[in-house]
Amino acid sequence: RLENELTLLQRFRAQSRPLYVVLNKIDLVRQAPDVDVDAFVLSIRERLAGDLGGAKDGQPMLRGLWATSAAHEPESLIPLKVWLCENLPRQPPLYPVEALSDVPARVAASEITREKLFAVLKEEVPYATTVVNAAWRQKPDGTLILGQDIVVMTAGQRNIVYGRMKSIKAAVEEEIARTVNFGNRVDLRYQVLVDKNWQDKSQYYSDVQGMLLETDSLAMPAKMRPQALREDRRAADAAADAASESRADD
């Protein structure tokens, strides 16, 4: 395994830049019989340093190595944290400090539902299913009213998904509340739609950044959605132009 890691590090050597290594899960080494952890870490450091060689500035490429166990020895992270605070540039946070992930909340919500469905569906059904957020309304008390379109390819799949959703709805609401809505309640409302060609339609991939489109809102009837209204208006204009041309020809 170490040889595989060295192959990767050799790619870094081609760039000839300073390199810092975190050797995690050192607690597993401590559990091994007759292993001197300090000697083991030293041997890793020496082998990496020898393999990497020197950087462009003439100094060794390997500038630092920390043996840590994030899960079982949190104190082992202290030297790494100190180094990060002393060496990384100071700047405002890239993301809100309360954010748990850089994945947009709406993307996470649809993926949670899809993941729960994958766990209970069989054969081809999971791969013929997608989930689209169609309504997202936050109430003053923090409750999230979440509407989702679950799209499948056949009527038979629709019946299967409807049955499975009843059994996982509470679990979906609980996980979305915990991971997306800061512990506040989630009221999930869903419908299962059939579109045999959904995989070939761009509209089902337009929400990848979690931006809810007004034209996709469950709160707005289809015939009242702006896109539908624009299409109706264009159709009416085209019919009027055709009638005008017909009268002119007469």
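**Entry 1: terms and ground rules**

I take a nonpolar core to be a set of buried Ala, Val, Leu, Ile, Met, Phe, Trp, Tyr and Cys residues joined through side-chain atoms within 4.5 Å. Buried means under 20% relative accessible area, exposed over 50%, and partly exposed in between (1.4 Å probe, protein chains only). I am working with a predicted model, where local features need pLDDT of at least 70 and side-chain atom pairs count only at pLDDT 80 or more, while totals for chains, interfaces and linings use all residues. Residues are numbered from 1 along each chain as its sequence is written, and side-chain values use heavy atoms, with hydrogens and water left out.

**Entry 2: the cores**

Which residues touch the most other members of the largest nonpolar core? I found L117, L146, I150, V161, M165 and I176, out of 22 residues in that core. At least two residues of this core come from each of α5 (105–120), β3 (130–138), β4 (144–152), α6 and β5 (186–194). Helices (H or I, at least four residues) and strands (E, at least two) are DSSP runs here, numbered from the N terminus. The largest share of the core, 6 residues, is supplied by α6. Apart from this core I noted another one of 14 residues, with V21, V41, I44 and L65 among them. A general reminder to myself: in soluble globular proteins, nonpolar side chains tend to be buried together.

**Entry 3: a closer look at I176**

I then listed the partners of I176, leaving aside its neighbours within four places in sequence. I176 is in contact (heavy atoms within 4.5 Å) with A109, I112, T113, L144, L146, N181 and V186.

**Entry 4: salt bridges**

How many salt bridges does the structure hold? I get 6, taking a salt bridge as a side-chain nitrogen of Lys or Arg within 4 Å of a carboxyl oxygen of Asp or Glu. Side chains of opposite charge can pair when their charged atoms come close.

- K169 and E173 meet through their side chains at 2.7 Å, N to O. Both lie in helix α6 (residues 155–179), 4 residues apart, about one turn of the helix. K169 is partly exposed at 25% relative accessible area, whereas E173 is buried at 16%.
- R63 and D57 form a salt bridge at 2.8 Å, N to O. R63 is partly exposed, at 31%, and D57 is partly exposed too, at 48%.
- D187 and R189 pair at 3.1 Å, N to O. Buried or exposed, where does D187 fall? D187 is buried, with 17% relative accessible area, while R189 is partly exposed, with 45%.
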